[in-house]
Amino acid sequence: MWALDKKKKKLSPLARFRGFIQAGATLLTNLHLPNFAKGALYQGGGKYVCVPGLNCYSCPGAAGACPVGAFQAVVGSSKFRFSYYITGILILFGVLLGRFICGFLCPFGWFQELLHKIPSPKLSTKKLKPLRYLKYAVLLVMVVLLPLLAVNELGMGDPFFCKYLCPQGVLEGAIPLSLTNAGIRAALGKLFTWKACILLAVIVGSVVFYRPFCKWLCPLGAFYAVMNRVSLFQMRVDTDKCVSCGACARACKMDVDITKTPNHAECIRCGMCIKSCPTKAIHYQYGFGDKADNNKEI
């Protein structure tokens with residue numbers, strides 16, 4: 001019976017074409033590809049607008065600003081103490097989409113997924129669930145408190161997350177720019193070595209673990225995780241169709257049992273549970289409420 005239902009059911013286009021959506025989002029986020037050869041940065045008006053995912057401002061191809069970097073730049077400046085504009089954009093992204101952004105629109109999330117496809121022994125992260133709370137500490141301490149409180153004599157704070165922890169800055173910014181710019185190459189020092197080691201650890205970790213940076217360290221993921229339960233983009237489970245087979249929980253690489261918590265903070269809306277469900281009990285839904293007529297199933 002389940003096998004028959006599985007053959008008949010049609011997957012959501014979002015779940016079916018997620019890889020293409022991720023590739024398209026990465027390209028749109030980094031439109032200025034010729035800059036990689038020039039070793040130059042786009043400095044037009046688009047840089048005043050934040051992209052939804054983790055994407056370094058210093059990437060030669062970056063079309064917009066990273067919300068984490070932009071937030072730290074404003075909070076750490078001598079003239080401002082809080083970034084209402086950037087915080088408002090983040091809240092808007094969170095309310096509209098939640099961690100759908102992590103699963104579909106984040107370039108660094110897609111990078112980790114591609115690494116995870118490399119043939120190798122794979123390790124589960126189910127026993128490492130306490131590590132997921134680290135990203136909230138990174139958000140609070142490195143993104144907010146340190147840039148705000150640890151300031152120099154001019155009242156300016158460093159962008160601590162971007163400067164000392166974010167591997168995307170090395171991957172998209174430092175490495176491409178140093179390949180084409182001798183001045184930048186000569187200026188690389190201990191900080192670059194430290195950040196390169198973090199990037200290497202994330203690369204190796206992503207091969208054996210699924211999205212380790214997203215799960216444990218990403219402050220942007222932490223912010224969207226908080227918004228997941230109130231976002232308009234939600235996961236729904238039809239309890240009348242669900243047979244409690246556990247297939248969705250086994251398929252979830254974010255260690256979520258969607259039948260118990262459909263909008264868990266760790267759910268990135270990847271659709272693996274939808275693909276695995278033999279009775280088509282799980283679906284995407286845009287809007288609030290379980291079965292309201294005005295909610296749109298997608």
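**View 1. Asn-30, a buried loop residue.** Asn-30 counts as buried because its relative accessibility is 6% (buried is under 20% relative accessible area, exposed over 50%, partly exposed in between, with a 1.4 Å probe and protein chains only). You will find Asn-30 in the loop between helix 3 and helix 4. Leaving aside residues up to four places away in sequence, Asn-30 touches Asn-55, Cys-59, Gly-61, Ala-62, Ala-63, Pro-107 and Glu-172; contact means heavy atoms within 4.5 Å. This is a predicted model, in which local features need pLDDT of at least 70 and side-chain atom pairs count only at pLDDT 80 or more, while totals for chains, interfaces and linings use all residues. Residues are numbered from 1 along each chain as its sequence is written, and side-chain values use heavy atoms, with hydrogens and water left out.

**View 2. Leu-31, a partly exposed loop residue.** Step along to Leu-31, in the loop between helix 3 (18-29) and helix 4 (34-38). Leu-31 counts as partly exposed because its relative accessibility is 48%.

**View 3. The whole chain, for orientation.** The protein chain has 17 helices and three strands; these are DSSP runs numbered from the N terminus, with helices being H or I of at least four residues and strands E of at least two. Of its 298 residues, 48% count as buried. Among contacts between residues at least 6 apart in sequence, 74% join residues at least 24 apart. The chain exposes about 14,800 Å², and carbon and sulfur atoms supply 69% of it (Shrake-Rupley method, 1.4 Å probe; for residues, only the protein chains shown count as cover).
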